[in-house]
Amino acid sequence: MDLRKAVAGAVLAGSLTMGAAGMSGVAGAETTRPDPGAVKARICAHEGEIEARLAQIETRLGTLTAKLSDARGKAEAAGRADLVARIDTALDRIAKIQARLDAMQDRLAKACAST
């Protein structure tokens, strides 16, 4: 009985392996890259929506930064060094996100400036 299970397991493993390898060679499964001009046109067509969304995110980050700064002041006044460190970490993350948003806005403006 154990030999039968071992053989059945080997057959199953082999068929799964060969099935996955066989699927990778299927005709028409190759991927193509989209036309960069078409991608740029699609992005620039929605430039206003993208800018509005980025502005909305910036507003939320500004509100969150103000709240965290107030909380940091209160925690510092209360002598909670551990909480101050956690708030500083959160403020650093927000600064990184803000930098990414600025970079996105610059790339968007650069990409859509010629259209």
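Q: Why does C44 count as buried?
A: In this predicted model, C44 has a relative accessibility of 14%, and since buried means under 20%, C44 counts as buried.

Q: What makes C112 a buried residue?
A: The relative accessibility of C112 is 6%, and because the cut-off for buried is under 20%, C112 falls in that class. C112 is also one of the buried residues of α4, a list that includes V84, I87, A90, L91, I94, L101 and L108. What covers the buried residues of α4 includes α2 and α3.

Q: How do you know that C44 and C112 form a disulfide?
A: The sulfur atoms of C44 and C112 are 2.2 Å apart, and the criterion asks for a pair of cysteine sulfur atoms within 2.5 Å, so the pair is assigned as a disulfide. By this rule the count comes to 1 disulfide. C44 lies in helix α2 (residues 36-45) and C112 in helix α4, so the link ties together parts that are 68 residues apart in sequence.

Q: Which hand does the link of C44 and C112 have?
A: The angle about the S-S bond is -100 degrees, and the link of C44 and C112 is left-handed.

Q: Why is α3 called roughly antiparallel to α4?
A: The two helices, α3 and α4, pack at an angle of about 160 degrees, with their axes 10 Å apart. Because angles over 145 degrees count as roughly antiparallel, that angle makes α3 roughly antiparallel to α4. As for handedness, α3 passes α4 in a left-handed crossing.

Q: How do you know that the span of α3 agrees with what its number of residues leads one to expect?
A: Helix α3 (residues 47-77) has 31 residues, which at 1.5 Å a residue should span 45 Å, and its end C-alpha atoms are 45 Å apart, so the two values agree. Within α3, the residues L54, L61, L68 and A75 are buried, and what covers the buried residues of α3 includes α4 (81-112). After α3 comes G79, whose phi is positive, near 80 degrees.

Q: What makes up the secondary structure of the protein, and how much of the protein is buried?
A: The secondary structure comes to 4 helices and 0 strands, and from the N terminus on the elements run α-α-α-α. Buried residues make up 11% of the 115 residues in the protein. Among contacts between residues at least 6 apart in sequence, 66% join residues at least 24 apart.

Definitions and conventions: Residues are numbered from 1 along each chain as its sequence is written. This is a predicted model: local features need pLDDT of at least 70, side-chain atom pairs count only at pLDDT 80 or more; totals for chains, interfaces and linings use all residues. Side-chain values use heavy atoms; hydrogens and water are left out. The expected span of a helix is 1.5 Å times one less than its number of residues. Buried means under 20% relative accessible area, exposed over 50%, partly exposed in between (1.4 Å probe, protein chains only). Contact means heavy atoms within 4.5 Å. Axes are lines fitted to C-alpha atoms, for helices over the stretch in contact, and angles run from 0 to 180 degrees between N-to-C directions. Angles under 35 degrees count as roughly parallel, over 145 as roughly antiparallel, 65 to 115 as roughly perpendicular and the rest as oblique. A crossing is left-handed if the near helix is turned anticlockwise from the far one by less than a right angle, and right-handed if clockwise.
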